[in-house]
Amino acid sequence: MNSIGDSIRKARKKQKLTLRDVSEAASISLSFLSEIERDKANPSMSVLKRIGNALQINFRDLLANDERSLVVRKNERNPLVQSEGSRISWYALSQGNSNKMGPLWGVLEEGGASGEIGVGHSEGEEFTFVVSGKLEIYIGNDRYVLEEGDSIYYDATIPHRYKNIWKGETILLSVSTPPF
């Protein structure tokens, strides 16, 4: 399976885009994008979404796993994105890139956040359920605080961002359509 960096580079080159083209469209530095492509930096989910939008592809395609399995065992989950900077790890709860939904398990360390800039997708909807902890989420300019057992369903094209405001980890179950 290709690394995230390889997938980004291949998608960029296929579209005949330069590093500068993609970095400007994704609002990230050219050097950071270069590090991501060389697998020297581990991007957050927010950054991957912005890169996917810049490449006009679903960013889940950058993480594609062609193998499909009906069951994903807890001990077999590998992090899709594990960003030291944002302190968030996302794990796929399904396999295959032809799924119509994208269920994810999110582990947000204390203070973990998707970033200061809200990111919208080119299409779709998202559902998030707080398994444990406390989450602050902005959908556009609206702020919501979700606690254990709360959920939110929203239009994913509206820029959104979130932050763990709990003393400890916050665990999320998130489902998007189309899949991330």
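Tutor: Let us begin with a term: a cavity is a set of points, on a 1 Å grid over the protein atoms alone, where a 1.4 Å probe fits but cannot get out, and its lining residues have an atom within 4 Å of a point. Grid points are joined across faces, edges and corners, and a volume is the space filled by probe spheres set on the points. This is a predicted model, in which local features need pLDDT of at least 70, side-chain atom pairs count only at pLDDT 80 or more, and totals for chains, interfaces and linings use all residues.

Student: How much space lies in the second largest cavity?

Tutor: Two cavities of 30 Å³ or more are found in the structure. The largest cavity holds about 90 Å³. For the second largest cavity, the space is about 50 Å³.

Student: Which residues are closest to the centre of the largest cavity?

Tutor: Helix H4 (45-55) and the strands E4 (125-132), E5 (134-139) and E9 (170-177) each supply at least two residues of this lining. By class, the lining has nine nonpolar residues, two polar and two charged. Here Ala, Val, Leu, Ile, Met, Phe, Trp, Tyr, Cys and Pro count as nonpolar, Asp, Glu, Lys and Arg as charged, and the others, Gly among them, as polar. Of the 13 lining residues, the closest to the centre are Trp90, Glu126, Thr128, Tyr162 and Ser174.

Student: Which domains each give at least three residues to the lining of the second largest cavity?

Tutor: The lining consists of Met45, Ser46, Lys49, Ser114, Ile117, Val119, His160, Arg161 and Tyr162. H4 and strand E8 (160-164) each supply at least two of the lining residues. Domain bounds come from an automatic or database domain assignment. At least three lining residues come from each of domain 1 (4-62) and domain 2 (74-177).

Student: Is Leu108 buried or exposed?

Tutor: Leu108 lies in strand E3 (residues 102-108). Buried means under 20% relative accessible area, exposed over 50%, and partly exposed in between (1.4 Å probe, protein chains only). Because its relative accessibility is 0%, Leu108 counts as buried.

Student: How far apart in space are Leu108 and Leu135?

Tutor: Contact means heavy atoms within 4.5 Å. Leaving aside residues up to four places away in sequence, Leu108 touches several residues, including Leu135, Tyr162 and Leu172. Leu108 and Leu135 are 27 residues apart in sequence, and their C-alpha to C-alpha distance is 9.3 Å.

Student: What is the phi of Lys16?

Tutor: Most residues other than glycine have a negative phi. Lys16 sits in the loop between helix H1 (4-14) and helix H2 (19-26), and it is exposed, with a relative accessible area of 75%. Although Lys16 is not a glycine, its phi is positive, at about 55 degrees.

Student: And how exposed is Asp39?

Tutor: Asp39 is found in the loop between helix H3 (30-37) and H4. Its phi is positive too, near 60 degrees, in a residue other than glycine. Asp39 counts as partly exposed, because its relative accessible area is 43%.

Key. Residues numbered from 1 in each chain as written. Heavy atoms only, no water. 1 Å grid on protein atoms, 1.4 Å probe; cavity = no way out; pocket = protein on both sides within 12 Å on 5 of 7 lines; lining within 4 Å. Helix = DSSP H or I, 4+ residues; strand = E, 2+ residues; numbered from the N terminus.
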